[in-house]
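The following note sets out points for a colleague who is reading the sequence alongside the model.

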Amino acid sequence: MTSSIFERHPKLTLCGVVITLSLATVCGLEKIAQSFGLGKVVVYETSPVYGYRPIPNQDASRNKNTVLRFNNLGLRADTDWDLTQPQNKILFLGDSVTYGGSYIANSELFSTIAIKNLKNWQSANAGVNAWGVLNVHALVKQMDFLPADVYVSVFPEGDFYRGLMRIGGQPFWSQTPKYALEELWQYLAYKVNLKKTWSQTQTSLSKSSQTRAVELAALSIKDLNTYFDNHQKKHLLYISPSRSQMQGKTTINTEIKQALKKYNIEVVYIKDKLEERNIENIDALFHDEIHLTKAGHRVWGDIIANDIAKITSS
């Protein structure tokens with residue numbers, strides 16, 4: 001009886017089976033990763049001045065129900081903006097809290113909700129993941145980025161310690177990955193890298209470095225305010241609280257508060273506004289320690305709307 005080719009070449013057969021199963025496994029994992037929205041990334045441009053920010057004219061969607069649209073200026077907005085026509089426009093600035101994340105649609109951001117009752121006004125969102133105060137200062141002043149008449153900056157306290165953030169070491173993309181598993185692999189590598197390199201946060205800095213970082217951030221905001229005043233622009237500044245602050249587990253950072261007071265910087269602590277409202281389920285407003293749920297964006301938007309209504313009517 002003649003033996004089959006598989007019997008004559010058992011090692012090659014085994015290798016073929018292993019390769020086939022491996023390819024099938026990889027293809028299966030790719031399909032699963034795609035079903036979770038991996039590979040559908042926001043693409044960022046890099047800059048030696050302001051670090052990085054989303055490229056213009058792109059749409060990104062982890063799921064069909066939440067589409068992130070970036071207009072011609074790289075802002076989260078559903079309409080394009082003319083840089084030469086800043087009238088009746090409001091630009092929101094900040095980090096990922098302002099940006100909102102991939103689970104919040106443009107229409108659900110507090111930057112949109114805050115102007116819902118204003119007639120003939122538009123808003124756009126220039127928040128960028130992992131940005132600090134210095135990135136905002138660099139984009140607006142160093143790049144003369146003035147597409148609006150009113151500016152609203154929203155910073156968690158951690159932004160005062162970040163310095164000028166760069167895209168290197170961040171799990172962000174400067175080009176679209178070919179495969180969903182590419183994004184998963186980069187994210188896993190990023191998490192591993194965090195374990196062997198220090199993260200630039202308040203707790204990782206010495207006390208003297210903390211003080212210098214806060215001082216530089218406060219000076220940058222003061223300089224930004226002067227820049228806005230010189231160009232007849234209005235600026236509102238908010239400090240966004242953490243969940244633990246609202247739960248009473250941590251307190252407001254006095255060093256940041258004193259630095260802002262030292263330079264006569266007007267600031268609104270959203271924590272104070274929330275306490276005035278006596279909201280029963282504070283946890284429902286937070287997605288994690290600092291980022292907001294859709295309900296959180298609605299509340300932040302309502303709080304900011306009151307101040308915007310005052311300055312746009314004056």
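1. Helices, of at least four residues, and strands, of at least two, are taken here as DSSP runs and numbered from the N terminus. On that basis the protein chain has 11 helices and 9 strands. The model is a predicted one. Of the 314 residues of the protein chain, 46% count as buried. Among contacts with a separation of 6 or more, 73% come from residues 24 or more positions apart.

2. Five strands make up an open sheet, in the order β6-β5-β7-β8-β9 and with parallel pairing. The edges are held by β6 (122-125) and β9 (268-269); each has a single partner strand, so one side of each is left without a neighbour in the sheet. Helix α11 (residues 294-313) packs on this sheet and touches β5 (89-94), β7, β8 and β9. The direction of α11 makes about 160° with that of β8.

3. Of the 7 residues of β8, 6 are buried, so the strand is largely enclosed by the rest of the structure.

4. Is helix α5 enclosed or exposed? Of its 10 residues, 8 are buried, so α5 is largely enclosed by the rest of the structure. The buried residues are V133, L134, N135, V136, H137, A138, L139 and V140. They pack against β2 (51-54), β5, β7 and α7. After α5 comes D144, which has a positive phi, near 50°.

5. The next point concerns the nonpolar interior. In soluble globular proteins, nonpolar side chains tend to be buried together. The largest nonpolar core of this model holds 52 residues, of which Y44, Y52, L75, L91, F160, I221 and L260 touch the most other members. Two or more residues are contributed by each of β4 (66-70), β5, α5 (133-142), β7, α7 (207-230), β8 and α9 (254-262). The largest share, 8 residues, comes from α7. A second, separate core has 26 residues, including V154, L285, I303 and I308.

6. Leaving aside residues up to four places away in sequence, Y44 touches Y52, R53, P54, I55, Y99, V128, N129, I167, F172, W173 and S174. Ring pairs also link Y44 with Y52 and F172 in a cluster.

7. One of the contacts of Y44 is W173, which lies in the loop between β7 (150-156) and α6 (180-196). Is W173 buried or exposed? Its relative accessible area is 12%, and because the cut-off for burial is under 20%, W173 is buried. The C-alpha atoms of W173 and P54 are separated by 9.5 Å, although the two residues are 119 residues apart along the chain. P54 is itself one of the contacts of Y44.

8. How many aromatic pairs does a search of the whole structure find? The search finds 10 aromatic pairs. One of them joins Y227 and F228 in a tilted arrangement, with 6.3 Å centre to centre and 55° between the planes. Both partners lie below the burial cut-off of 20% relative accessible area: Y227 counts as buried at 7% relative accessibility, and F228 counts as buried at 0%.

9. Two charged side chains are also placed over aromatic rings. The charged end of R53 sits over the ring of F145, at 5.1 Å from the ring centre. For K257, the charged end sits over the ring of Y269, 5.1 Å from its centre. R53 is also among the residues that Y44 touches, while Y269 falls within β9 (268-269), an edge strand of the sheet.

How values were computed: Residues are numbered from 1 along each chain as its sequence is written. This is a predicted model: local features need pLDDT of at least 70, side-chain atom pairs count only at pLDDT 80 or more; totals for chains, interfaces and linings use all residues. Side-chain values use heavy atoms; hydrogens and water are left out. Buried means under 20% relative accessible area, exposed over 50%, partly exposed in between (1.4 Å probe, protein chains only). Two strands pair if DSSP finds at least two bridges between them. Contact means heavy atoms within 4.5 Å. Axes are lines fitted to C-alpha atoms, for helices over the stretch in contact, and angles run from 0 to 180 degrees between N-to-C directions. Rings of Phe, Tyr and Trp (its six-membered ring) pair if their centres lie within 6.5 Å; planes under 30 degrees apart count as stacked, over 60 as edge-to-face and the rest as tilted. A charge sits over a ring if NZ of Lys or CZ of Arg is within 6 Å of the ring centre and within 35 degrees of the ring normal. A nonpolar core is a set of buried Ala, Val, Leu, Ile, Met, Phe, Trp, Tyr and Cys residues joined through side-chain atoms within 4.5 Å.
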